[in-house]
Amino acid sequence: IDNKAPDLRPAPPHQIYFCQSVGTEDVFLGTSEKSPASLDCSHCVIKVHFKGCSIKDIELDVSANALVAESREHILSLGLPVPVIEGCGSAKW
């Protein structure tokens, strides 16, 4: 039994962008059968805004299926739509 109290900090403002790698055959010919749907995305970009925080105030944990970013005032816990491939992700501040 997990007796841990729920974390009631609000989520910081954030956006999720689903991206595709497309070539000329996709743009001009449409021969690759990719659609604009998020189902055909090859990667995603998650932007999280911790207003008033410096990098030393933020903790980031990325696992295969989840992202947790937190500061003293906010916490963001997201399930990821596709598994993270270890060594292929990056974080920028």
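# Leu60 and its sheet

Biologist: Where does Leu60 sit?

Modeller: Leu60 lies in strand S3, residues 59-62. Strands are DSSP runs of E with at least two residues, and helices are runs of H or I with at least four, numbered from the N terminus. This is a predicted model: local features need pLDDT of at least 70, side-chain atom pairs count only at pLDDT 80 or more, and totals for chains, interfaces and linings use all residues. Residues are numbered from 1 along each chain as its sequence is written, and side-chain values use heavy atoms, leaving out hydrogens and water.

Biologist: Why is Leu60 called partly exposed?

Modeller: Buried means under 20% relative accessible area, exposed means over 50%, and partly exposed is in between (1.4 Å probe, protein chains only). Leu60 has 39%, so Leu60 is partly exposed.

Biologist: What makes the nonpolar surface patch that includes Leu60?

Modeller: Ile55, Leu60, Val62, Val84 and Trp93 make a patch of about 480 Å². Patch residues have over 30% relative accessible area and no salt bridge; nonpolar side chains (Val, Leu, Ile, Met, Phe, Trp, Tyr) are joined within 5 Å, like charges within 9 Å. A salt bridge is a side-chain nitrogen of Lys or Arg within 4 Å of a carboxyl oxygen of Asp or Glu.

Biologist: What is the strand order of the open sheet?

Modeller: The order is S3-S4-S5, with antiparallel pairing of the 3 strands.

Biologist: What makes S3 and S5 edge strands?

Modeller: S3 and strand S5 (75-79) each pair on one side only.

Biologist: Which pattern does the protein chain follow?

Modeller: Along the sequence, the pattern is β-α-β-β-β-β. That is 1 helix and 5 strands.

Biologist: How much of the protein chain is buried?

Modeller: Buried residues are 13% of the 93 residues.

Notes. Areas by Shrake-Rupley, 256 points an atom, 1.4 Å probe, with all protein chains shown as cover. Pairing = 2+ DSSP bridges.
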